[in-house]
Amino acid sequence: MHRTALVDYANNILRDRARAEDVVQEAWERIQSVERTRIINEPLRYFYRIVQNLALDNRRIRKREAQRSGGTLTDISDKIADDTPKPDAIAAAREEFRIVIESMGELPERTRMALLLHSVEGLKLREIAERLELSVTYTHQLVAKGKMHCLRRLSRKRS
């Protein structure tokens with residue numbers, strides 16, 4: 001009933017709706033534990049007081065953390081790592097992929113099949129050997145040769 005108003009109240013202090021929700025939840029848990037031991041005369045007023053104290057504590061902690069890291073809260077959010085690949089990284093990855101595909105096309109059929117089954121389909125050497133009707137040792141050699149060929153082509157590109 002009063003939850004939305006309490007979250008709004010905490011949000012006015014914190015300027016962070018998710019944290020405000022957490023603060024109200026924590027305040028509710030604290031009130032529940034206090035009510036087990038005593039009767040609260042004005043529960044709503046008490047609830048607002050706990051929310052206010054928790055929100056202020058939370059804000060102080062965040063402010064301290066921001067100062068320790070040498071910036072404001074806004075600065076910190078700007079420093080959080082963005083895991084979205086940069087355009088140059090995307091272009092480099094596409095070029096490497098093109099080289100790998102091209103170099104696989106240069107491989108003999110059995111070597112290419114063994115490498116694809118191992119690297120793309122994730123089959124074990126024993127499974128590949130059975131499928132291609134080869135020995136496990138020879139299958140291992142084919143996969144290793146295929147990988148080395150692709151790596152050499154990639155390293156030529158980087159040089």
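## His-149 and its surroundings

His-149 is in contact (heavy atoms within 4.5 Å) with Ser-103, Glu-106 and Leu-107, leaving aside its neighbours within four places in sequence.

His-149 sits in helix H8, residues 136–158. Its relative accessible area is 18%, so His-149 counts as buried. The classes are buried at under 20% relative accessible area, exposed at over 50%, and partly exposed in between, with a 1.4 Å probe and protein chains only.

## Model and conventions

This is a predicted model, in which local features need pLDDT of at least 70 and side-chain atom pairs count only at pLDDT 80 or more, while totals for chains, interfaces and linings use all residues. Residues are numbered from 1 along each chain as its sequence is written, and side-chain values use heavy atoms, with hydrogens and water left out.

## Overall architecture

The protein has eight helices and zero strands. Its element order from the N terminus is α-α-α-α-α-α-α-α. Helices (H or I, at least four residues) and strands (E, at least two) are DSSP runs, numbered from the N terminus.

The protein has 159 residues, and 26% of them count as buried. It exposes about 11500 Å², with carbon and sulfur atoms supplying 53% of that area. Areas come from the Shrake-Rupley method with a 1.4 Å probe; for residues, only the protein chains shown count as cover. Take the contacts between residues at least 6 apart in sequence: 49% of them join residues at least 24 apart.

## Helix H2

Helix H2 spans residues 17–35, 19 residues in total. From its first C-alpha to its last it reaches 27 Å, close to the 27 Å expected at 1.5 Å a residue. The expected span is 1.5 Å times one less than the number of residues. Asp-16 caps the N-terminal end of H2, with a side-chain oxygen 3.2 Å from the backbone nitrogen of Ala-18.

The buried residues of H2 are Ala-20, Val-23, Val-24, Ala-27, Ile-31 and Val-34. They lie on the same side of H2 because they cover an arc of only 100 degrees around the axis. That arc is taken from the directions from the helix axis to the C-beta atoms. The buried residues of H2 pack against helix H1 (3–14) and helix H3 (43–68).

## Nonpolar cores

In soluble globular proteins, nonpolar side chains tend to be buried together. A nonpolar core is a set of buried Ala, Val, Leu, Ile, Met, Phe, Trp, Tyr and Cys residues joined through side-chain atoms within 4.5 Å. The largest core here has 17 residues. Those with the most contacts inside it are Ala-10, Val-23, Val-24, Ala-27, Phe-47 and Val-51. H1, H2 and H3 each supply at least two residues of this core. Its largest share, six residues, comes from H2. A second, separate core has 11 residues, including Ala-114, Leu-115, Leu-117 and Ile-128.

Phe-47 belongs to helix H3. At a relative accessible area of 11%, Phe-47 is buried. Beyond four places in sequence, Phe-47 touches Leu-6, Val-24, Ala-27, Trp-28 and Ile-31. Phe-47 and Ala-27 are 20 residues apart in sequence, yet 6.8 Å apart in space, C-alpha to C-alpha.

## Thr-139 in H8

Thr-139 also lies in helix H8. Its relative accessibility is 0%, so Thr-139 counts as buried. Not counting residues up to four places away in sequence, Thr-139 touches Leu-125, Ile-128, Ala-129 and Leu-134.

## Loop residues with positive phi

Arg-15 is in the loop between H1 and H2. Its phi is near 60 degrees, a positive value in a residue other than glycine. Arg-15 is exposed, with a relative accessible area of 66%.

Glu-133 is in the loop between helix H7 (125–132) and H8. Glu-133 has a positive phi of about 55 degrees, although it is not a glycine. At 73% relative accessibility, Glu-133 counts as exposed.

Methods: A polar contact is a pair of N or O atoms within 3.5 Å; within protein, one must be able to donate a hydrogen and the other to accept it, and residues adjacent in sequence count only if both atoms are side-chain atoms.
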